[in-house]
Amino acid sequence: MSNSQPIRVFCVDDHRIVRDGLALIIGRQSDMEVVGAASSADEAIELYGRYRPDVTLMDLRLGATSGVD
């Protein structure tokens, strides 16, 4: 890989095992890093500005809230 910055990924899912699994898989990639994670849409909105990811992986069904909303 070149000297470019890794792709910064933010994971949002209400199931911890999914968040942890994604972090494990992404962490094995030399050109990616997980910069943060959230378990709800409200938490994701709050943390997104702090982490400023390149990519957000978001569950579409977050309990009572839709990931699309």
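This dialogue works through how several features of the structure above are read.

Trainee: What kind of model is this, and how are its residues numbered?

Mentor: It is a predicted model, in which local features need pLDDT of at least 70 and side-chain atom pairs count only at pLDDT 80 or more, while totals for chains, interfaces and linings use all residues. Residues are numbered from 1 along each chain as its sequence is written, and side-chain values use heavy atoms, with hydrogens and water left out.

Trainee: How many helices and strands are there in the protein chain?

Mentor: Helices (H or I, at least four residues) and strands (E, at least two) are DSSP runs, numbered from the N terminus. Here the protein chain has two helices and five strands, and read along the sequence they follow the pattern β-α-β-α-β-β-β.

Trainee: Which radius of gyration does the protein chain have, and what would a compact globule have?

Mentor: The radius of gyration is taken over C-alpha atoms, and the globule rule is 2.2 Å times the number of residues to the power 0.38. For 69 residues a compact globule would have a radius near 11 Å, and the 12 Å of the protein chain agrees with this. The C-alpha trace spans about 40 × 25 × 15 Å along its principal axes.

Trainee: What share of the contacts in the protein chain joins residues 24 or more positions apart?

Mentor: Contact means heavy atoms within 4.5 Å. Of the contacts in the protein chain with a separation of 6 or more, 66% are between residues 24 or more positions apart.

Trainee: What share of the residues is buried?

Mentor: Buried means under 20% relative accessible area, exposed over 50%, and partly exposed in between (1.4 Å probe, protein chains only). By that reading, buried residues make up 23% of the 69 residues in the protein chain. Ile 26, in helix α1, is buried, with a relative accessible area of 7%. Leaving out residues up to four places away in sequence, Ile 26 touches Val 9, Cys 11, Met 32, Glu 33, Val 34 and Leu 57; with Val 9, which is 17 residues away in sequence, the C-alpha to C-alpha distance is 8.3 Å.

Trainee: Where is Gly 63, and is Gly 63 buried or exposed?

Mentor: Gly 63 is found in the loop between β4 (61–62) and β5 (65–66), and is exposed, with a relative accessible area of 62%. The C-alpha atoms of Gly 63 and Gly 27, 36 residues apart along the chain, are separated by 26 Å.

Trainee: How many salt bridges does the structure hold, and which residues form a salt bridge?

Mentor: A salt bridge is a side-chain nitrogen of Lys or Arg within 4 Å of a carboxyl oxygen of Asp or Glu. The structure holds one salt bridge, and Arg 16 forms a salt bridge with Asp 20, the closest N and O atoms being 3.3 Å apart. Because Arg 16 and Asp 20 are four residues apart in helix α1, they are separated by about one helical turn. Arg 16 is exposed, with a relative accessible area of 59%, whereas Asp 20 is partly exposed, at 41%.

Trainee: Which side chain of opposite charge is nearest to Asp 13, and which to Arg 19?

Mentor: Lys and Arg count as positive and Asp and Glu as negative, while His and the chain ends are not counted. Asp 13, in the loop between β1 (7–12) and α1 (16–27), is buried yet has no salt bridge, and its nearest side chain of opposite charge is Arg 19, 5.7 Å away. Arg 19, which lies in helix α1, is also buried without a salt bridge, and its nearest side chain of opposite charge is Asp 20, 5.5 Å away. Asp 13 has contacts that include Ala 38, Asp 59 and Leu 62, and among the residues that Arg 19 touches are Cys 11, Asp 14 and Ala 38.
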